[in-house]
Amino acid sequence: MPRQVILEFPTELSEESLQKKEGLRKAKEAFVLELLREGEISQGKAAELLEISRHELFDLMAHYEIPAFQATPKELREGLKNLKEALQ
């Protein structure tokens, strides 16, 4: 069952402006991409939630400066060590 996120805005904004689909889409996009940036969801889940392809997601990630690959220095060192061992 889907969950809902409720956003509150000042009463000065008209109901019409709050119902604009492009604004709602961008708000959802920003929220999902922030979850992705924080590591709360995977890239696959982000693409699914935004109903876009992985290729489109990578374009968005580049636009929002979210790295496509995130690893700690320790993980990178371990990966390099494993690769060197495999090549010997």
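Glu22 is partly exposed, with a relative accessible area of 44%, where buried stands for under 20% relative accessible area, exposed for over 50% and partly exposed for the range in between, computed with a 1.4 Å probe on protein chains only. The model is a predicted one, in which local features need pLDDT of at least 70 and side-chain atom pairs count only at pLDDT 80 or more, while totals for chains, interfaces and linings use all residues. Residues are numbered from 1 along each chain as its sequence is written, and side-chain values use heavy atoms, with hydrogens and water left out.

**Salt bridges**

Glu22 pairs with Arg25 in a salt bridge whose closest N and O atoms are 2.5 Å apart; the term requires a side-chain nitrogen of Lys or Arg within 4 Å of a carboxyl oxygen of Asp or Glu.

| Pair | N to O distance | Spacing in the helix |
|---|---|---|
| Glu22 and Arg25 | 2.5 Å | 3 residues, α2 |
| Arg25 and Glu29 | 2.8 Å | 4 residues, α2 |
| Lys45 and Glu48 | 3.3 Å | 3 residues, α3 |

The helices named here are DSSP runs of H or I with at least four residues, numbered from the N terminus. Lys45 and Glu48 are about one turn of the helix apart in α3, and Lys45 is partly exposed, at a relative accessible area of 34%. Salt bridges that share partners join Glu22, Arg25 and Glu29 into one network. Within α2, Glu22 and Arg25 are separated by about one helical turn, and about one helical turn likewise separates Arg25 from Glu29. An α-helix has 3.6 residues a turn, so residues three or four places apart point the same way.

**Packing of helix α3**

Helix α3 spans residues 43-50, and within it Gln43, Ala46, Ala47 and Leu50 are buried. Seen down the axis of α3, these buried residues fall within an arc of 95°, so they line one face of the helix; the arc is taken from the directions running from the helix axis to the C-beta atoms. The buried residues of α3 pack against α2 (21-37) and α4 (54-63).

Gln43, which belongs to α3, is buried at a relative accessible area of 18%. When neighbours within four places in sequence are left aside, Gln43 is in contact with Leu36, Arg54, Leu57, Phe58, Met61 and Ala68, contact being heavy atoms within 4.5 Å. On the α2 side, Leu36 lies in that helix and counts as buried at 7% relative accessibility. With the neighbours within four places again excluded, Leu36 is in contact with Ile41, Ser42, Gln43, Ala46, Leu57 and Met61. The C-alpha atoms of Leu36 and Glu75, which are 39 residues apart along the chain, are separated by 19 Å.

**The largest pocket**

The largest pocket has a volume of about 740 Å³, a volume being the space filled by probe spheres set on the points, with grid points joined across faces, edges and corners. Its lining holds 22 residues, of which Val5, Leu7, Leu24, Ala27 and Lys28 lie nearest the centre. Helices α1 (15-18), α2 and α3 each supply at least two residues of that lining, and α2 gives the most, with 7 residues. By class, the lining has 14 nonpolar, 4 polar and 4 charged residues, where Ala, Val, Leu, Ile, Met, Phe, Trp, Tyr, Cys and Pro count as nonpolar, Asp, Glu, Lys and Arg as charged, and the others, Gly among them, as polar.

**Positive phi values**

Most residues other than glycine have a negative phi. Glu51, which follows α3 in the loop between α3 and α4, has a positive phi near 55° and is exposed, with a relative accessible area of 69%. Glu65, found in the loop between α4 and α5 (73-87), has a positive phi of about 55° although it is not a glycine, and at 68% relative accessibility Glu65 counts as exposed.

Methods: On a 1 Å grid over the protein atoms alone, a cavity is a set of points where a 1.4 Å probe fits but cannot get out, and a pocket is an open set with protein on both sides within 12 Å along at least five of seven lines; lining residues have an atom within 4 Å of a point.
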